[in-house]
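User: I am new to this structure and would like to learn how to read its features one at a time. Please give the general idea first and then the case here.

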Amino acid sequence: MSYYDVDAILTDGEKVPCTFELEVPYLGHLNNAPSQVLKPGTPLTLPLWLAELLALASSGDSSPPLTLNIPPCLGTAVLSALKADPRAVPLRDQSVHLYGVGVRMLDLFDEKELSEVLRRTWTVRAGDVGLHARKADEGGLGGQQEEFLRGLEEWERKLFRRAHEGVKGAKEWTERVKK
Amino acid sequence: MASPLPPGLAPSEIAFLCEMELITIVPRQKLESIDLLSGTTPTLRPPRRENVPLWLALLLKKQRRANIVPPPWLHPDSLQDIIHFETKINPEGWAPPPPPSARADGRGNAQRTNRPGTTPLSAPFLSSCTSDAPTGAIPYHWFELAEMLLAHAADDVTSSAEVRGLLRDLQEVRSAKLRAIPAQLEAGIDGVMSLRGVGAMELAESRGLISGVIEGVRKIGASAELSRREEEEQRGDADMDNEASDDDGMGF
């Protein structure tokens, strides 16, 4: 992951749900109540970079000041939908950086099932992305194609672009050689 | 600073390499042999067939100084055989590349040209596109070569319209197989995917997709892989400790 990778930076900014375990003064504005202290047990959504930092920070034997939860875009409802048919879920509606967040969650949690589902989703959808990338210039697949391409998440868009570039290059060469 | 070019060869570079392939021509005019960096070309005396690099063959063809003899695998029957193999006999795999070239010796036995002890030949020094290439197997540069021949020497290709249609079919069948590779990873990377027999241009076309998919699978599996390795390492350490204590026991 490069320092200048815009997608990595944007993934860092994705909000995740978490709960504070301590009472923190002067942080009430995180809960839209600037005049009060932040009470323990307050549910909050914080950007991933801050939540990760706080969830892993622990001084000595005390527990970390924050517990991190799996974000709703990777929750049970989405996972079971993905298990049923990965193609039918518009991933972009769940999260623009679904795989990026998923990989970060896998670093933090030991979720075998999540990793399985993510890998299956990625490979199954990648096959379709390849097909659409090939047929994109021919415009043959119609409205269904538009629907699917709109639902592509950031990693998948990048893949689509790479696949399309290869197909386009070969096609351009074939056109040029005829002249 | 990383190179701005994508990894792998661009289609135009592949076509350039393909122009080194030898191809058979029937010259219509005399031409003395030319000294080139890649070697000397044979002296052309009509109507003797000679093998020349594709770029020279195309040049002579454009100047109407020669006719090109299309390689036998470009015949409609041969292409039909390959399509039959790809769709019916082995719908998952690829048609195998042409067998290693062989030459008959004086006693009527066929011997491999690439014998141990001699310098092994590979493309473009193998005559995979000349008139004595085998039928029913497409070489590494099949796509580019066929496109170039159909574009510039269509009148020399046997029933070129049919060949063009068959090539389209073959291309579609094979690109669908290349696209199916990501789905094979669904169950996990348990084997090495075979790309034996895949042509240069097909690889250039699908390189972005396949490498991108594998990169994604790697990223998703990275943390699982890390924990698996740590576990293995710990187990290895435990085994080592056991062995060490065994050794101690035997010492006394």
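User: Which residues is B:T24 in contact with, leaving aside its neighbours within four places in sequence?

Analyst: This is a predicted model, and what follows is read from it. Contact means heavy atoms within 4.5 Å. Leaving aside neighbours within four places in sequence, B:T24 touches B:R49, B:E50, B:N51, B:N67, B:I68, B:V69, B:T130 and B:S131. B:T24 itself belongs to strand 1 of chain B.

User: Is B:T24 buried or exposed?

Analyst: A residue is called buried under 20% relative accessible area. B:T24 has a relative accessible area of 1%, so B:T24 is buried. Its side chain also makes a polar contact, at 3.0 Å, with the side chain of B:N51.

User: Which residues of helix 2 of chain B are buried?

Analyst: Helix 2 of chain B covers residues 54–62, and its buried residues are B:L54, B:L56, B:A57, B:L58, B:L60 and B:K61. The cover over these buried residues includes helix 1, strand 1 (22–27), strand 4 (50–53), strand 5 (66–69) and helix 4 of chain B. Just after helix 2, B:R64 takes a positive phi of about 60°.

User: Now the two chains together. How many residues does each chain bring to the contact?

Analyst: Chain B brings 34 residues and chain A brings 31 residues. Between them the chains bury about 2,700 Å², with 65% of that on carbon and sulfur atoms.

User: How many salt bridges are there between chain B and chain A?

Analyst: A salt bridge needs a side-chain nitrogen of Lys or Arg within 4 Å of a carboxyl oxygen of Asp or Glu. The count between chain B and chain A is 3 salt bridges. One of them joins the side chains of B:E205 and A:R134, at 3.2 Å from N to O. Across the interface of chain B and chain A there are also 7 residue pairs in polar contact, counting pairs with both residues at pLDDT 80 or more.

User: Which helix of chain B gives the most to the side that touches chain A?

Analyst: Helix 6 of chain B gives the most, with 14 residues. At least two residues each come from helix 1 (11–18), helix 4 (142–152), helix 5 (160–184) and helix 6 (200–251) of chain B. By type, the residues on this side of chain B are 16 nonpolar, 10 polar and 8 charged.

User: What describes a pair of aromatic rings?

Analyst: Such a pair is described by the distance of the centres and the angle of the planes. Over all chains the count is 4 aromatic pairs. Among them, A:Y99 and A:W122 are edge-to-face, 5.2 Å centre to centre with 80° between the planes. A:Y99 is in helix 5 (residues 98–108) of chain A and A:W122 in helix 6 (residues 112–135) of chain A, 23 residues apart.

User: What about A:W122 and A:W155?

Analyst: That pair is edge-to-face too, at 5.8 Å centre to centre and 85° between the planes. A:W122 lies in helix 6 of chain A and A:W155 in helix 8 (residues 154–177) of chain A, so the pair ties together parts 33 residues apart in sequence. A:W122 and A:W155 are both buried, and A:Y99 is buried as well. A:Y99, A:W122 and A:W155 form one aromatic cluster.

User: How many helices and strands does chain A have?

Analyst: Chain A has 8 helices and 3 strands. From the N terminus on, the order is α-β-β-α-β-α-α-α-α-α-α. Chain A has 179 residues, of which 46% count as buried.

How values were computed: Residues are numbered from 1 along each chain as its sequence is written. Chains are lettered from A and ligands numbered from 1 in the order in which they are written. This is a predicted model: local features need pLDDT of at least 70, side-chain atom pairs count only at pLDDT 80 or more; totals for chains, interfaces and linings use all residues. Side-chain values use heavy atoms; hydrogens and water are left out. Buried area is the accessible area (1.4 Å probe) that two parts lose on being put together, summed over both. A polar contact is a pair of N or O atoms within 3.5 Å; within protein, one must be able to donate a hydrogen and the other to accept it, and residues adjacent in sequence count only if both atoms are side-chain atoms. Helices (H or I, at least four residues) and strands (E, at least two) are DSSP runs, numbered from the N terminus. Ala, Val, Leu, Ile, Met, Phe, Trp, Tyr, Cys and Pro count as nonpolar, Asp, Glu, Lys and Arg as charged, and the others, Gly among them, as polar. Buried means under 20% relative accessible area, exposed over 50%, partly exposed in between (1.4 Å probe, protein chains only). Rings of Phe, Tyr and Trp (its six-membered ring) pair if their centres lie within 6.5 Å; planes under 30 degrees apart count as stacked, over 60 as edge-to-face and the rest as tilted.
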